[in-house]
Amino acid sequence: MDHFLYRNGALHAEDVPLAEIAAAVGTPFYCYSTATLTRHFRLFDEALDGMDHLVCYAMKAASNLAILRVLADLGAGMDVVSGGEYARARAAGVPGDRIVFSGVGKTRDEMHMALTGGIRQFNVESEPELQALSEVALSLGVVAPITVRVNPDVDAKTHAKIATGKSENKFGIPIARARAVYAHAARLPGIKVVGIDVHIGSQLTDLAPFRAAYRKVAELTAQLRADGHTITRLDLGGGLGIPYARDNSAPPLPLEYGAMIREELGHLGCEIEIEPGRLIAGNAGLMVSQVIYVKSGEDRDFLILDGAMNDLIRPAMYDAWHDIVPVIEPAPGAEQHVYDVVGPVCESGDTFARGRALPPLAQGDLVAFRSAGAYGAVMSSEYNTRPLIPEVLVKGDQFAVIRRRPTFDEMLNRDTIPEWL
Ligand code: LLP
């Protein structure tokens, strides 16, 4: 459920008509709902009720400071994967002891930053990383708390570009080698083992792969404890999917996911961390765009929007489906017209949808891309020197621009022409 509904014939974000925001900030823009972010965070928090737990929002999904502040105020932890994300989490007011640091390629500078700024744990993904982290920690006279991310060789049954839990993927340490790696970690003076980490992929629509992975983590917990390690924390990653298409079967709910975690891991007495990103932010955001032209091709009509692949790359990159809805509510039973929905960027890949049935639309009409809150704004670029589009946050009847559109001057002024040219 989200808070983007038609009211009085117009699509609203909570109590604000989207057309009003479009008039104020121009199009295209991203719009997020505070109530939806809050609801989704709470679904996870409540799903783990009764277990010692922390929901660490995977901020790679949507990392605007205002979004982070909404979640931080609800008690969220953060999963960060770069120095930049770490800086964002801290700037949004998240204490270091609620930040976990993931990623296959953490640099020594990033380790230094997190060790001095405060960190809950590093999720370490390789032996060379363990070595580097131990050295950086020692140089600072501290000890780095870690989990090792294990690769359980489980097929997440999702898009190949976002599956991470198979042995051919670059992520984690093969679970078969985990005991040796933990033994090595225990000998390193700058390292303190606190638990195990696993993340098998994103947009999972079935609990079975999670269950298979978590069962392996439970077995490993017993083995590592028998080996003398103190395992008090299990980071179970993110990945629970959301419905993108109206005809999709509904993915499992956070409550069902939480119940499965309790079944598989509850007996271990560990603190549970999860790292959901998409389920919290995805359906809490829309991208609103305007029709520039309707163009008749040889055998099809093109709806040319002012939004493009640089603003929302998921359709071009993963063939992802996003529901596209008109901002003015179509009359019930209104006729449908079939369009290829495209942006102005100079590539055929700049196509949001092919053969999409929509109510007839005309120049100037507004449309909204649903489920665009996660991996939308964060993956945007300035390709074709198109400015990054604004982000707007709504709460009740209020809205605010939380990232404004840069001017052309601001964009151009980041370049320099060397004086020797
Ligand atoms: N934890 C780790 C270690 C991750 O790598 C990810 C996502 C998450 C948590 C959050 O997963 P989520 O709950 O959002 O599924 N750009 C792609 C998705 C990439 C996901 C990368 N890792 C897309 O637009 O579908």
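**Core, domains and helices of a predicted model**

Q: Which members of the largest nonpolar core, which has 117 residues, touch the most other members?
A: A nonpolar core is a set of buried Ala, Val, Leu, Ile, Met, Phe, Trp, Tyr and Cys residues joined through C-beta atoms within 7 Å, where buried means that 20 or more other C-beta atoms lie within 10 Å of a residue's own, exposed means 12 or fewer, partly exposed is in between, and C-beta atoms are placed from the backbone. The model is predicted, and local features need pLDDT of at least 70 and side-chain atom pairs count only at pLDDT 80 or more, while totals for chains, interfaces and linings use all residues. Residues are numbered from 1 along each chain as its sequence is written. Within the largest core of 117 residues, those that touch the most other members are L18, C31, M78, L133, I146 and V288.

Q: Which element gives the largest share of this core?
A: Elements are DSSP runs numbered from the N terminus, with helices (H or I) of at least four residues and strands (E) of at least two. The largest share of the core is 6 residues, and the element that gives them is α8.

Q: Between which domains does this core lie?
A: The domain bounds come from an automatic or database domain assignment. Both domains give residues to the core, so it lies between domain 1 (4-31 + 283-412) and domain 2 (34-281).

Q: Which element gives the most to the side of domain 1 that touches domain 2?
A: The C-alpha centres of the two domains lie 32 Å apart, and the contact takes 21 residues from domain 1 and 21 residues from domain 2; two residues are in contact if their C-beta atoms, placed from the backbone, lie within 7 Å. On the side of domain 1 that touches domain 2, the elements that give two or more residues are β20 (391-395) and β21 (398-403). With 4 residues, the element that gives the most is β20.

Q: What is the radius of gyration of the protein?
A: The protein has 12 helices and 21 strands. The globule rule, which is 2.2 Å times the number of residues to the power 0.38, is set against a radius of gyration taken over C-alpha atoms. For 421 residues the rule gives 22 Å, so the protein is as compact as a globular protein of that length, with a close value of 23 Å.

Q: Is K60 buried or exposed?
A: The unreviewed UniProt entry annotates K60 as the modified residue N6-(pyridoxal phosphate)lysine, although such annotations, given in the numbering used here with shortened feature names, may be inferred rather than shown by experiment. K60 lies in the loop between β5 (53-58) and α3 (65-73), and, not counting residues up to four places away in sequence, K60 touches V81, E85, G277 and V378. Because K60 has 23 C-beta neighbours inside 10 Å, K60 counts as buried.

Q: Which exposed residues does the face of α7 turned away from its buried side carry?
A: In α7 (residues 178-187), A178, Y182 and A185 are buried. They cover an arc of only 60 degrees around the axis, so they are on the same side of α7; the arc is that of the directions from the helix axis to the C-beta atoms. The face turned away from that side carries A180 and R187.

Q: Is H267 buried or exposed?
A: H267 is placed in the loop between α9 (254-265) and β13 (271-274). Because H267 has 10 C-beta neighbours inside 10 Å, H267 counts as exposed.
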